[in-house]
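Let's walk through this model together, starting with the overall fold and then moving to its pockets.

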Amino acid sequence: MAARTTKQSSIPSVWARPQRESDQPALSRAAIVREAIVMLDAEGVEALSMRKLATRLNAGAASLYRHVATKDELMELAVDEVAAEIDVPPADSADWRAAAAGAAGAFRATALRHPWLSSVLGQAGLAYLGPNLMAFSERLAALFSTAGFTKPSAPIDTLLSYVIGMSTTEAAWLTTVARSGETEADFIARLMPAAQQAAAAHEHLAEGYAEAMKAATDPVALRDEKFAYGLEVVLDGLALRLKAPGS
C-alpha cells in the first residue's frame with residue numbers, strides 16, 4: 001500500500017516565512033511597515049488598507065503583497081516595530097518593583113504614542129515570534145526571574161494585563177478627545193456638568209465626580225495618578241506572591 005502523504009499546514013505568521021525580494025528597489029518590508037505605522041497613528045486600524053497604503057507608497061498593491069501577504073501580517077509587523085520603543089530596565093533583585101514599574105510605564109508611554117497598539121496586541125496572531133517582542137518578553141522574564149519568581153510568565157501576564165487594559169482605555173479616551181478638537185481640560189469641563197447631573201442621585205459617584213472636577217485642570221496628572229495607583233496595587237499583589245511557596 002502506498003504511504004499516505006499529508007500537506008503540512010504553514011504557521012499563520014509573517015515571521016514563519018522568508019522575505020521576498022522586491023521588484024521595486026525603493027520598496028522594502030521596512031518601508032511598508034514605517035508608512036503603515038504613520039497611517040495607524042494618524043487614522044487608526046479601521047482606516048488602514050493595503051490599497052491605501054500602496055497609494056501612499058506610490059506602488060501597486062501587488063508589490064506590497066510580495067512582502068506582506070495580508071493586513072493581519074502587516075499588523076504583526078507594525079506591533080513588533082513599535083515594541084522596540086519599550087524599554088525594560090535591567091533586572092535587579094534588590095529593587096525589582098522599580099524595574100517592573102519602569103517597564104510598565106514605558107509600555108504605557110509607547111501605547112499612548114501609538115493609540116492602536118494595545119487594542120490590537122492580543123489580535124496580532126503569533127506576534128510574539130517578532131524579534132522586538134521576543135526581546136521585550138525575554139527582558140521581562142529576566143527581571144522577574146532575578147527577583148525570585150520561579151515561574152516568571154505568571155507575573156509577566158499579570159503586569160501586562162493591567163498595563164494593556166489601562167492603556168486601551170486611556171488611548172480610546174484620548175482619541176475621543178482628539179476628535180473633538182478641544183484640549184483635554186476643555187473637553188472634561190464641557191462633559192462634567194452632564195456627568196455630575198447623572199451621578200447626583202448616587203452618593204458615592206457624586207463624591208467621585210466632584211473630586212474629579214477639582215483635578216480636571218490637570219488631566220495628565222490625574223491619568224498618571226490613576227495609572228500609578230493601580231500599578232502599585234498590582235505590584236503589591238506580586239510581592240505577596242513572591243513570598244508564597246512555589247511563586
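**A guided tour of the chain**

Among contacts (heavy atoms within 4.5 Å) in the chain between residues at least 6 apart in sequence, 69% join residues at least 24 apart. This is a predicted model, in which local features need pLDDT of at least 70, side-chain atom pairs count only at pLDDT 80 or more, and totals for chains, interfaces and linings use all residues. Residues are numbered from 1 along each chain as its sequence is written, and side-chain values use heavy atoms, with hydrogens and water left out.

The chain has eleven helices and zero strands; helices here are DSSP runs of H or I with at least four residues, strands are runs of E with at least two, and both are numbered from the N terminus. Of its 247 residues, 37% count as buried, meaning under 20% relative accessible area with a 1.4 Å probe and protein chains only.

Now look at helix α9, residues 184-199, where you will find Glu-184. Glu-184 is buried because its relative accessible area is 12%. Leaving aside neighbours within four places in sequence, Glu-184 is in contact with residues including Trp-173, Val-177, Pro-219 and Arg-223.

Trp-173 and Arg-223 turn up again at the largest pocket: among its 18 lining residues, they lie nearest its centre together with Ile-188, Leu-222 and Lys-226. Helices α8 (153-180), α9, α10 (203-215) and α11 (219-243) each give two or more residues to that lining.

Methods. Buried means under 20% relative accessible area, exposed over 50%, partly exposed in between (1.4 Å probe, protein chains only). On a 1 Å grid over the protein atoms alone, a cavity is a set of points where a 1.4 Å probe fits but cannot get out, and a pocket is an open set with protein on both sides within 12 Å along at least five of seven lines; lining residues have an atom within 4 Å of a point.
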